[in-house]
Amino acid sequence: RGFFYVMNTPLVSVVMPVRNSASTLPEAVASLRQQDLKEIEIILVDHGSSDSTAELIHSLRVEDRRIRSLRSDGTFVEAINEGCRRARADLIARMDGDDVAHPNRLSKQLQLLQSNHKLDACGTRGRIRYRGHDSKKISPPEGGYQRYETWINSLVNEAEIMRERFVDSPVPNPTTMIRRSVFESLNGFSDPSWAEDYDFWLRFMEQGVRIAKVPEVLLDWYDSPDRSTRNLPRYELDQFQLAKAFYLSRVPRVRKNGVIIWGAGPIGKQMARFLAKQEIRTQLFVEVDPKKIGNRIFDCKVISPADLDKKVRDPVLLAADGVAGAREEIRGHVLGLEKVEGEDFFCVA
């Protein structure tokens, strides 16, 4: 039996771009139809599906009048923007066609944004699940994805999200909800060479708009061998580093005074090269390896942490050491110098 909830204007519009999602879309949409917040619309944007996704969307619309469908023959970014432009609610939520929302996800986010009008957007904590080629076989994340889940769920309030935005994308994009007025003021998603969602949130925070999270796991988002993040060049690590360098270069103090990079390994050197393309000068490198101290990299002297206090005044320090535990050690050392994270230094790895 179909769902014939009658409403004038929904409280939340959920925008879900889908492509060849016939195997996962029913579960994703079912999780939205089962939300305890009923005053929603679900906008499914089919962009170039070659499987039975289009037919499935049609049958879902018949079952539930809250479901709207669009066809976009453009890029993924154009599909997202088109769906958001068609949204009727004042709040726009994102989700992908292989994600599963917990029943109170939307109501919890609505409550947070209604109770704090200073917030422009919010996310939630999330849980990563790996879906193999057999879509019914689900397993927890391993390795890097497990570490990413732990890290991203540790960031909840505005200050935490802002301070670590150059480590990786600090908000799970499929969990986000944003005020439509703010989305429109930013002209939606851009289409750079790097990940469009990371770009959006970096641009969003650069403008001083505010985001926090509901401190609960309210969405399961799925990794799989076919997922775009594993197969498209824009989601490769180099592109994330390019995005970081681009937005770091727009921080006024970085542009004015340059940077000191803690980490003379591959990550630190790459960041120095990418920043140089943005005309940002690396003043010094910092290293704990005695074999590197005193050497020069890109004509920059390598110093020890003990020599850092007299050097890091005007330049912004970037912690760019990807070794496990290094970020915490660097942060502890620099905070001991009475430096402020997010102003005097940023973690970038």
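Colleague: By class, what residues does the lining of the second largest pocket have?

Modeller: This is a predicted model, and in it the lining of the second largest pocket has six nonpolar, one polar and two charged residues. The residues in question are W262, V288, D321, V323, A324, G325, A326, E329 and I330.

Colleague: And which helix gives the largest share of that lining?

Modeller: Helix α13, which covers residues 326–336, gives the largest share of the lining, with three residues. The space in this second largest pocket comes to about 150 Å³.

Colleague: Let's switch to the nonpolar cores. Which residues have the most contacts inside the largest one?

Modeller: V12, L25, L44, L106 and F204 have the most contacts inside the largest nonpolar core, which has 70 residues. There is also a second, separate core of 30 residues, and A245, M271, L318 and A320 are included in it. As a general point, nonpolar side chains tend to be buried together in soluble globular proteins.

Colleague: Take F204, then. What is it in contact with, leaving aside neighbours within four places in sequence?

Modeller: With those neighbours left aside, F204 is in contact with D120, A121, I178, V182, L186, V209, R210 and I211. One of these, I178, is also among the residues that line the largest cavity.

Colleague: Now the charges. How many salt bridges does the count come to?

Modeller: The count comes to 24 salt bridges. In general, side chains of opposite charge can pair when their charged atoms come close. One of the pairs is R180 with D90, whose side chains meet in a salt bridge at 3.7 Å, N to O. This pair links distant parts of the chain, 90 residues apart, with R180 in helix α7 (residues 180–185) and D90 in the loop between α3 (76–85) and β4.

Colleague: Is D90 buried or exposed?

Modeller: D90 counts as exposed, because its relative accessibility is 55% and the cut-off for exposed is over 50%.

Colleague: Staying with strand β9, where is D223, and is it buried or exposed?

Modeller: D223 is found in that strand, which runs over residues 211–223, and D223 is buried, with a relative accessible area of 4%. From D223 to D99 the C-alpha to C-alpha distance is 9.4 Å, although the two are 124 residues apart in sequence.

Colleague: How far apart are R203 and D199 in helix α8?

Modeller: They are four residues apart in that helix, so about one helical turn separates R203 from D199. The two form a salt bridge in which the closest N and O atoms are 3.8 Å apart. R203 is buried at a relative accessible area of 12%, and D199 is buried at 3%. Elsewhere, salt bridges that share partners join R33, E63, D64 and R66 into one network.

Colleague: Last one: where is S249 found?

Modeller: S249 is found in the loop between α10 (237–248) and α11 (252–257). The relative accessible area of S249 is 2%, so S249 counts as buried under the 20% cut-off. Leaving aside neighbours within four places in sequence, S249 is in contact with V254, R255, Q278 and I280.

Definitions and conventions:
Residues are numbered from 1 along each chain as its sequence is written. This is a predicted model: local features need pLDDT of at least 70, side-chain atom pairs count only at pLDDT 80 or more; totals for chains, interfaces and linings use all residues. Side-chain values use heavy atoms; hydrogens and water are left out. On a 1 Å grid over the protein atoms alone, a cavity is a set of points where a 1.4 Å probe fits but cannot get out, and a pocket is an open set with protein on both sides within 12 Å along at least five of seven lines; lining residues have an atom within 4 Å of a point. Grid points are joined across faces, edges and corners, and a volume is the space filled by probe spheres set on the points. Helices (H or I, at least four residues) and strands (E, at least two) are DSSP runs, numbered from the N terminus. Ala, Val, Leu, Ile, Met, Phe, Trp, Tyr, Cys and Pro count as nonpolar, Asp, Glu, Lys and Arg as charged, and the others, Gly among them, as polar. A nonpolar core is a set of buried Ala, Val, Leu, Ile, Met, Phe, Trp, Tyr and Cys residues joined through side-chain atoms within 4.5 Å. Buried means under 20% relative accessible area, exposed over 50%, partly exposed in between (1.4 Å probe, protein chains only). Contact means heavy atoms within 4.5 Å. A salt bridge is a side-chain nitrogen of Lys or Arg within 4 Å of a carboxyl oxygen of Asp or Glu.
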